[in-house]
Amino acid sequence: MVRLRIAPAPSGDLQLGNIRTALVNYAFVTQNKGEFILRIDDTNQKKSTQESLEKIIKTFDWLGIKFNEGPNMGGKFGPYIQSERTSLYDKYFKKLQDEGKIYECICPKRSEKKNNQEETDCKCDSIILHKKKEIISKLNGKISYRVKIKDEAPSEFKDLIMGKQKINPSKLKNPIIKRSDGTYTYIFANCVDDYLMKITHIMRGSDLFPSTSSQVLLTNLLGGQIPIYAHLPLLLNIDGSKLSKSVGSQSINNLKEGGYINSAILAYLLTIGEGDYKKFVLDNPKNLLENYPIKKLGKTNQKFDPERLKWFNKQRIKKLSTQELYDLSYPLLKKEHFKEPISLEILALHKDKINTLKDLNNLLKPYIPKETGNYQLEYSSQANDQISKNILNSLIKKIKKIKKIDSFEFNKSLNELEKELNLKEKEGKFKIYSTIRLSLTGSMHGLEIYDIYNLIGKEEFIRRIEKFKN
Ligand SMILES: [Zn+2]
């Protein structure tokens, strides 16, 4: 049975790069009918929070990434939160200690060294025992421990992307596996967990590639099977810098708050590297996962393209039913100034005009019933000229004249208006419609004029134009 895991740290929001890695894992699990495990790596206790842990679980849930085992559902290899597994780490630490594979390290901590002092290779293994005991007693037991991997025989591991890798242990450093505060390090906790949880494949960012050799040797010492690795190309910023958690705008939570929908994020991430990405616009996530070309993933890092993500979002929003659009957007809009429900009719008219759900925020403002009486428009000075006044004056005259207004009569009046004003062909038309729209909604772009009329009614229509003119 193929078993994969991801092990995010609960220290801040998940960002696009994390989700992309999770999706490649999920695709591999899906294609091999394997099992997917969520493990929480809180080995760095200082940075880990319960709030962040809950957010991680919610985010995966929102994206529809499903696990077979994890902290919120349990499983036969639990617990799935590393801070709850200390007794297991103690057990394997003791095993290695009994086998003489561990030694005390009394080198100063990195933080205690001077800034420009380079990390030298630890020689604590060769310090004569009685001298070492003397130093240790002075340190009040606050010592760290390293595992001897340098003495191991040469080994190798398989990497689905990097190819077969040979390991020369003498070139490596003996890694610290237990810190002076008694906590276990990332490398030790993860090797023990991957071994005990019977993980068969580890797919992760290529930034972790350098530590793989040490992990393989440590796994050998623990007596575990070496998993098959795949070190994935990284997702970088447009300028080539690393996407980091601190770049908040690319956190999944920020994208969600910014009006991106889950299926668009999935479609974008699962088609990175595809030249002809537009053909995937309607593929559902299940299809994308089943057909994800893991074998074609190269070593070249890829860049995050916000425009492409936006394109997917726009296309996916267009395909929503109006009710779906309402269900997705109302919780966001409610946080702003939308206290009353929004009519489906208004939403339907805007569905094709938005890139993100948040765009609705400004577009819908002119149609909130409570605001229509004292709606404050942010006027643009360029529409405040004589031509604009002429446009609006004759529009009001015409509208007042029509007895029974329907879309035919309304648009006939607009056509007559175009002819009478005799403005230059294309620019003239734009000037007319953008001016009218601006006077009604505060924006030059948006709905058809008749649609606006229909939504706000004749009285309000005339009132806004009059107010704009003066
Ligand atoms: Zn040392």
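I began with pairing: two strands pair if DSSP finds at least two bridges between them. Helices (H or I, at least four residues) and strands (E, at least two) are DSSP runs, numbered from the N terminus. With that in hand, I found two bridges joining strand S4 (residues 144-147) to S7, and these strands run antiparallel. I noted one partner by name: Arg146 is bridged to Ile176 in S7.

Before going on, I reminded myself that this is a predicted model, where local features need pLDDT of at least 70, side-chain atom pairs count only at pLDDT 80 or more, and totals for chains, interfaces and linings use all residues. Residues are numbered from 1 along each chain as its sequence is written.

**The sheet.** I traced an open sheet of three strands in the order S3-S4-S7, with antiparallel pairing. Strand S3 (102-105) and S7 are the edges, each pairing on one side only. From one strand to the next, the twist averages 45° (axes are lines fitted to C-alpha atoms, for helices over the stretch in contact, and angles run from 0 to 180 degrees between N-to-C directions).

**Helix H5.** Which residues of helix H5 (residues 186-196) are buried? I counted a residue as buried if 20 or more other C-beta atoms, placed from the backbone, lie within 10 Å of its own. My list for H5 reads Phe188, Ala189, Asn190, Cys191, Val192, Asp193 and Asp194. They pack against helix H3 (86-98), strand S7 (176-178), strand S8 (201-205) and helix H6 (212-222). Just after H5, I saw that Lys198 takes a positive phi of about 55°.

**Helix H6.** Here the buried residues are Ser213, Ser214, Gln215, Val216, Leu217, Leu218 and Thr219. I found them packed against S4, strand S5 (155-159), strand S6 (163-167) and H5. Gly223 follows H6, with a positive phi near 95°.

**The whole chain.** I then stepped back: the protein chain has 19 helices and 11 strands. Of its 470 residues, 30% count as buried. Its C-alpha atoms fill a box of roughly 105 × 45 × 40 Å along the principal axes.

Note on methods:
Buried ≥ 20, exposed ≤ 12 C-beta atoms within 10 Å, placed from the backbone. Contact = placed C-beta atoms within 7 Å.
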